[in-house]
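Keep the 3D view open as you read.

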Amino acid sequence: EKKRKIGENDDEICKLIRNDLVVDFIKYVNKNNYPLSSQIKKSTYETNSYLNHQKQTLSEYAAFFGSIQIFNYLIHNNIELTSSLWIYAIHSNNPELIHILENNQIRLDKETYEACIIESIKCHYFEISKYFINMNLVDTNQIVNFKILQKYNLVLLNEKIDEILEEIEEY
C-alpha cells in the first residue's frame with residue numbers, strides 16, 4: 001500500500017537514477033554486473049503514464065528525471081544516444097540536459113522536433129517550448145497554435161494570441 005501511494009518504480013536502480021546518486025549508481029551497476037544498455041523493468045507501482053507507455057533505457061530514464069550526473073556517466077561509458085532522448089529530456093524541464101544533447105549532436109529530425117514542441121506545450125514548460133519554437137527548424141505554427149489552445153497553455157497563448165486569432169479568421 002505504501003509503495004502504491006508513492007507511485008514510483010521501486011526498483012533500486014530507479015531510485016538511484018531519480019535521486020541522481022551517481023556514486024551509489026556506479027557501485028550498484030558494478031556490484032550487480034548491471035549492463036548500462038539495460039532497460040528499466042516495468043513496475044506496477046509506477047503511476048506516470050508516460051513511463052508506463054513503454055520500457056525505457058537507463059539513459060532515457062535518467063533524462064526523464066534530469067539526472068545529469070548519471071546521464072553524463074552513461075555518456076562517458078559510451079551508451080548509445082538516440083533521438084528518443086529529446087522527448088525524455090523535455091520531461092526533465094532541465095535546459096542543461098537539452099544542451100548536453102545538442103553538444104553530443106543527437107539528431108533532431110522534423111518528427112522529433114515537432115514532438116518536442118508538442119510535449120513541452122503539454123507539460124507547460126514555457127521556456128523549453130519557446131526555445132524549440134525559436135529554433136524554427138520547420139514551420140510548426142499551426143501545430144503549435146493548436147496545441148497551445150488544446151492544452152490551455154495560457155502563458156504561450158498570451159504571447160501568440162494575435163497570430164492565433166489571425167489563423168482562426170482565415171478559416
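Arg-18 is buried, with a relative accessible area of 15%; buried means under 20% relative accessible area, exposed over 50%, and partly exposed in between, using a 1.4 Å probe and protein chains only. You'll find Arg-18 in helix H2, residues 12-18. Helices here are DSSP runs of H or I with at least four residues, strands are E runs of at least two, and both are numbered from the N terminus. Before going on, note that this is a predicted model, where local features need pLDDT of at least 70 and side-chain atom pairs count only at pLDDT 80 or more, while totals for chains, interfaces and linings use all residues. Residues are numbered from 1 along each chain as its sequence is written, and side-chain values use heavy atoms, with hydrogens and water left out.

Which side chains does Arg-18 join through polar contacts? One is Glu-8, at 3.2 Å, and another is Tyr-61, at 2.9 Å. (A polar contact is a pair of N or O atoms within 3.5 Å; within protein, one must be able to donate a hydrogen and the other to accept it, and residues adjacent in sequence count only if both atoms are side-chain atoms.) If you skip neighbours within four places in sequence, Arg-18 is in contact with Glu-8, Asn-9, Tyr-61, Phe-65 and Ser-67, where contact means heavy atoms within 4.5 Å.

Now look at Ile-17. Leaving out neighbours within four places in sequence, Ile-17 is in contact with Phe-25, Ile-40, Leu-58, Tyr-61, Ala-62, Ser-67 and Ile-70. Ile-17 is also among the residues with the most contacts inside the largest nonpolar core, which has 42 residues. Others on that list include Phe-25, Leu-58 and Phe-132. Helices that each supply at least two residues of this core include H2, H5 (58-64), H7 (85-92) and H10 (126-135). A nonpolar core, by the way, is a set of buried Ala, Val, Leu, Ile, Met, Phe, Trp, Tyr and Cys residues joined through side-chain atoms within 4.5 Å.

Next, hop over to Trp-86 in helix H7. Is Trp-86 buried or exposed? Trp-86 counts as buried, at 1% relative accessibility. Tyr-61 is one of the residues lining the largest cavity, and so are Asn-9 and Ile-40. On a 1 Å grid over the protein atoms alone, a cavity is a set of points where a 1.4 Å probe fits but cannot get out, and a pocket is an open set with protein on both sides within 12 Å along at least five of seven lines; lining residues have an atom within 4 Å of a point.

Finally, zoom out. The protein has twelve helices and zero strands, and 44% of its 171 residues count as buried.
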